[in-house]
Amino acid sequence: MSTVNEKGNTAYLTGIVVVAVLGGLLFGYDTAVISGAEKGLQAFFMGAQDFVYTDFWHGFTSSSALIGCIIGSAISGILASNWGRKKSLIFAGVMFFISAWGSMCPETMILPEGQPDMTLLIVFNIYRVIGGVGVGLASAVCPMYIGEVAPSNIRGMLVSWNQFAIIFGQLVVYFVNFFILGDHVAPAIESIGDGINKILNGAEASWAIENGWRYMFGSEMVPAGLFAILICFVPETPRYLASIGEDSKAESILAKINGASKAKSILAEIKETMTVKTEPLLTYGLLCIFVGIMLSVFQQAVGINAVLYFAPRIYGAMGFDDPMVLTVFNGIVNLAFTCIAIFTVEKLGRKPLLITGSLGMALGAIGVACTFEGAIANDATMQLLCMISLMIYSASFMFSWGPICWVLIAEVFPNTIRGGAVAIAVAFQWIFNWIVSTSFVPMANSLGYWFVYALYGVICIIAAVFVWKLVPETKGKTLEDMTKLWKKK
């Protein structure tokens, strides 16, 4: 008992962080499930008789969850401030589960089963938007939750585990999609112009078109249900409890995490910065909000989700025979490089990792731009160089913008504006995620993959300059220190 009282209970902290990062796993699972399902889904709705399922409709459907993500992140500040962090995460888990079921069975025992039409497309997209609300909410509240329970000396590492969980969720769903497809054939789809396509192997791919995408979406019910149940057993964050006057509960949780004597001083610091529950967003100046928003904008504008959502399509366009295998391998690489951030963020700091990752992404993206045309012409050397460039691009994101952006968003805002400021920053993240995701396929088809990746490369260089000039280093600072930092600006 004395170990718990004086030094804190590491097992207790680990347990609640593990449960919280399950929200990150679901975030990754939900956003990446489309990578394996999108071609079967596209072929299914191409069979509609009452409308033409064009590239526009497919781009919208593939990214419709992001509309929910924008909504979920936008309301996260209100929910986190009024319901608390824990109840907000429970709500997110319920949204995940409803979406998984509805995306698998959009007919919902009302519409004719297996008959694609505009009504079914609308219903399917509504379920995807519901899941997106859960993703957007979890994406804002999970890092906030971890940041508010973690001791300052390991906070960056623990928040980085949320990104590890996101990438692990993506890797898990890559494997799940791979095994669900099994020996069945994915549909091959060819553009015939004006955003209209045709299926080249309808008979061979009939199972994937009718059933494969359903099982891929439905598989999310397992982790979603687990998360919704387990999150009920974690405590509310001490900073939220202090903000609503529950000081004794806050001190009890702080004591379990940090030790009894240190808990009192931490609680005193928290109370000092919470003389009022909230303050106006611009209390600490426009620069504070601008930095948070632009961190989110650049995390998406560098174009990483074009890889995460459409990896099989991209590797297929390069001329590789089994793009699903390369997608799984890419997921393993992503996971490995995320670990670099986890174990170096407290030693190297946030800014060095972001700048290095930006330049690595620029190198990889420009490499893809320079080799893609040769790859699609079946030049084996160019195919190899293009694949390596794409993985450099992806891996560089994983040790930098992937985890570190979430760390900074959880850390950079003062206590009294954190809920609202995080909600705004994350909403901008999802807005630009939607822009990148919906524009990728039309841009790649009309302007070429080389143009898209050259554009991403330029944005990566701009991102490096932004971090160098404007982003403060938060390594080793308490959340209360950020109030003092921005007051000096």
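Trainee: Is Asn 378 buried or exposed?
Mentor: Buried means under 20% relative accessible area, exposed means over 50%, and partly exposed is in between (1.4 Å probe, protein chains only). Asn 378 has a relative accessible area of 58%, so this residue counts as exposed.

Trainee: Thanks! What kind of model is this?
Mentor: Residues are numbered from 1 along each chain as its sequence is written, and side-chain values use heavy atoms, with hydrogens and water left out. Local features need pLDDT of at least 70, side-chain atom pairs count only at pLDDT 80 or more, and totals for chains, interfaces and linings use all residues, since the model is predicted.

Trainee: Where does Asn 378 lie?
Mentor: Helices (H or I, at least four residues) and strands (E, at least two) are DSSP runs, numbered from the N terminus. Asn 378 has a phi near 65°, a positive value in a residue other than glycine. Its place is the loop between α16 (350–376) and α17 (380–398).

Trainee: How far apart in space are Phe 329 and Leu 286, C-alpha to C-alpha?
Mentor: In sequence, Phe 329 and Leu 286 are 43 residues apart. In space, the distance between their C-alpha atoms is 42 Å.

Trainee: What span should helix α11 have?
Mentor: Helix α11 (residues 247–258) has 12 residues. The expected span is 1.5 Å times one less than the number of residues. The end C-alpha atoms agree with that expectation, which is 16 Å.

Trainee: Which residue follows α11?
Mentor: The buried residues of α11 include Ile 257 and Asn 258. After the helix comes a residue whose phi is positive, near 105°, and that is Gly 259.

Trainee: How many salt bridges does the structure hold?
Mentor: A salt bridge is a side-chain nitrogen of Lys or Arg within 4 Å of a carboxyl oxygen of Asp or Glu. One of them joins Arg 128 and Asp 30, with the closest N and O atoms 3.5 Å apart. In the structure, the number of salt bridges is 4.

Trainee: Which residue forms a salt bridge with Arg 85?
Mentor: The closest N and O atoms of this pair are 2.7 Å apart. Arg 85 lies in helix α5 (residues 85–104) and its partner in helix α6, so the bridge ties together parts that are 63 residues apart in sequence. The partner is Glu 148.

Trainee: And is Glu 107 buried or exposed?
Mentor: Glu 107 forms a salt bridge with Arg 214, the closest N and O atoms being 2.7 Å apart. Arg 214 counts as buried at 9% relative accessibility. Glu 107 has a relative accessible area of 4%, so Glu 107 is buried.

Trainee: How is α4 oriented relative to α19?
Mentor: Axes are lines fitted to C-alpha atoms, for helices over the stretch in contact, and angles run from 0 to 180 degrees between N-to-C directions. The axes of α4 (residues 65–82) and α19 (residues 418–447) come within 8 Å and cross at roughly 180°. Angles under 35 degrees count as roughly parallel, 65 to 115 as roughly perpendicular, over 145 as roughly antiparallel and the rest as oblique. That makes α4, relative to α19, roughly antiparallel.
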